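Trainee: Please take a close look at one part of this chain for me. I would like the nonpolar surface patch, with its setting.

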Amino acid sequence: MALADTFLIGGADAAPAGWILIGVSTLSALTFAGIGALVAFHGRTGRRALPAT
């Protein structure tokens, strides 16, 4: 905000389609969290290490 105060501007989002960027980033964050939850609850790919011979 110091920069916005220096130039006497509001400091708000100036992109006309800023809501699209917010939506895409929110969707990607939720997807990332969902994949993380699936991995945590169901384990990894299910592959087991082969026993050493």
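Mentor: Start with the whole chain. Buried residues (under 20% relative accessible area, 1.4 Å probe, protein chains only) make up 4% of its 53 residues. This is a predicted model: local features need pLDDT of at least 70, side-chain atom pairs count only at pLDDT 80 or more, and totals for chains, interfaces and linings use all residues. Numbering runs from 1 along each chain as its sequence is written, and side-chain values use heavy atoms, without hydrogens and water.

The secondary structure comes to two helices and zero strands. Both are DSSP runs: H or I of at least four residues for helices, E of at least two for strands.

Now the part itself. Ile9 sits in the loop between helix 1 (2-6) and helix 2 (18-42). Ile9 counts as exposed because its relative accessibility is 52%, and the cut-off is over 50%.

Leu3, Phe7 and Ile9 make a nonpolar surface patch of about 360 Å². Nonpolar side chains are joined within 5 Å, like charges within 9 Å. Areas come from the Shrake-Rupley method with a 1.4 Å probe.

Technical notes
Patch = residues over 30% accessible without salt bridge, like charges linked within 9 Å, V, L, I, M, F, W, Y side chains within 5 Å. Salt bridge = Lys/Arg side-chain N within 4 Å of Asp/Glu carboxyl O.
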